[in-house]
Amino acid sequence: MSTKYTLPPLPYAYDALEPHLDAQTMQLHHDKHHQGYVDGANKAQQELAAARDKGDFSLVDYWEKKLAFHTSGHALHSVFWTNLAPPGKVGQPSRELAQGMELAFGGLDKFKAQLTAAAVSVEGSGWGLLAYEPLGKSLVILQCENHQKQAIWATTPLLVIDVWEHAYYLRYQNRRLDYVKAWWNVVNWDDVSRRFAAALATVR
Ligand code: MN
C-alpha cells in the first residue's frame, strides 16, 4: 500500500491537555481515529491508481468520495493537534490576528461566540473552523460536516475544533457545549497567529 500520508506525532504528551481534554480520549483520537484517516487517504490513492492502470473507472465516484473524506480528515486533524497547547502555554493572538478578528467579527469575544455556536450546532459529526479567505482577504468562520462538506475553496484553516463524538464523549458525553468551552482553555494562540501570518504571506 502507498504510504504517501503518515500520522504526525502529537506535539505533547497524551495527558498534557488535562483536565480539559483527557488523556484516554487524546490517545484514542490520535492513535486510532487520525491513523484511520491516514490509512483511508492512502487506500483511496491506491485504488484510484489501480483504476487508472486497469482503465476501469466503474467505482471512481466511490473512491473520489473516500479520497476527499479521508484526506480532509487527515488535514484537519493535523491542524487540530498543533492548535492546542497545555494550559499555561497557550500564548495570545498576535497583533495582526487580533486586528484581523476585529475587522472580520468585531473582536475576539464575538469571534469566540460565533465559533462556539457554529461548532455546537453542527448536525452530527463535523468541525468548526476559523479560516483565512484570500479572495476577500478576510477571516471567516466555517461550520463543516464530516471533514469536507460546507468548505469554501481556497480557504486556509487556521483554528479548527473537532466536534465528532470521538473528540469528547468519554469525558463530556452529550455535553458538547461543555467540551467546546473547555477546549477554549487550551487553544494555542501562538500557533494560530503563525498560521495566519503564513496564510497572509502567500497572498501578499
Ligand atoms: Mn477527530
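1. Aromatic cluster. In this predicted model, Phe 105, Phe 111, Trp 183, Trp 184 and Trp 189 are joined into a cluster by ring pairs. The structure contains 14 aromatic pairs.

2. Tyr 37 and Trp 164. The ring centres of Tyr 37 and Trp 164 are 6.2 Å apart and the planes stand at 70°, so the pair is edge-to-face. Tyr 37 belongs to helix α1 (residues 23-54), whereas Trp 164 sits in the loop between β3 (156-162) and α5 (169-172); the pair thus links distant parts of the chain, 127 residues apart. Both residues are buried.

3. Tyr 62 and Trp 63. The rings of Tyr 62 and Trp 63 are likewise edge-to-face, because their planes meet at 85°, with 4.8 Å between the centres. Tyr 62 has a relative accessibility of 41% and therefore counts as partly exposed. Trp 63, with a relative accessible area of 15%, is buried.

4. Nonpolar core. The largest nonpolar core comprises 52 residues. Phe 111, Leu 139, Leu 159, Tyr 179, Trp 183, Trp 184 and Trp 189 have the most contacts inside this core. Residues come from both domain 1 (23-82) and domain 2 (95-201), so the core lies between the two domains. As general background, nonpolar side chains tend to be buried together in soluble globular proteins.

5. Surroundings of Leu 139. When neighbours within four places in sequence are set aside, the contacts of Leu 139 include Leu 97, Gly 100, Met 101, Ala 104 and Phe 105. Leu 130, Ala 131, Tyr 132, Leu 158 and Phe 196 are also in contact with Leu 139.

6. Helix α7. This helix (residues 189-201) has 13 residues and spans 18 Å from its first C-alpha to its last, close to the 18 Å expected at 1.5 Å a residue. Its buried residues are Trp 189, Asp 191, Val 192, Ser 193, Phe 196, Ala 199 and Leu 200. Among the elements covering these buried residues are helices α2 (60-82), α3 (95-105) and α4 (108-120), together with strands β1 (126-133), β2 (138-145) and β3.

7. N-terminal cap of α7. Asn 188, in the loop between α6 (176-183) and α7, caps the N-terminal end of α7 through a side-chain oxygen that lies 3.2 Å from the backbone nitrogen of Asp 190. Asn 188 counts as buried because its relative accessibility is 11%. Not counting residues up to four places away in sequence, Asn 188 touches Thr 82, Asn 83, Leu 84, Ala 85 and Val 90.

Note on methods:
Residues numbered from 1 in each chain as written. Predicted model: local features only at pLDDT ≥ 70, side-chain atom pairs only at ≥ 80, totals over all residues. Heavy atoms only, no water. Phe/Tyr/Trp six-rings, centres within 6.5 Å; stacked < 30°, edge-to-face > 60°. Helix = DSSP H or I, 4+ residues; strand = E, 2+ residues; numbered from the N terminus. Buried < 20%, exposed > 50% of the residue type's maximum accessible area, 1.4 Å probe, protein only. Core = buried A, V, L, I, M, F, W, Y, C linked by side-chain atoms within 4.5 Å. Domains from an automatic or database assignment. Contact = heavy atoms within 4.5 Å. Expected span 1.5 Å × (residues − 1). Polar contact = N/O pair within 3.5 Å; in protein donor to acceptor, adjacent residues only side chain to side chain.
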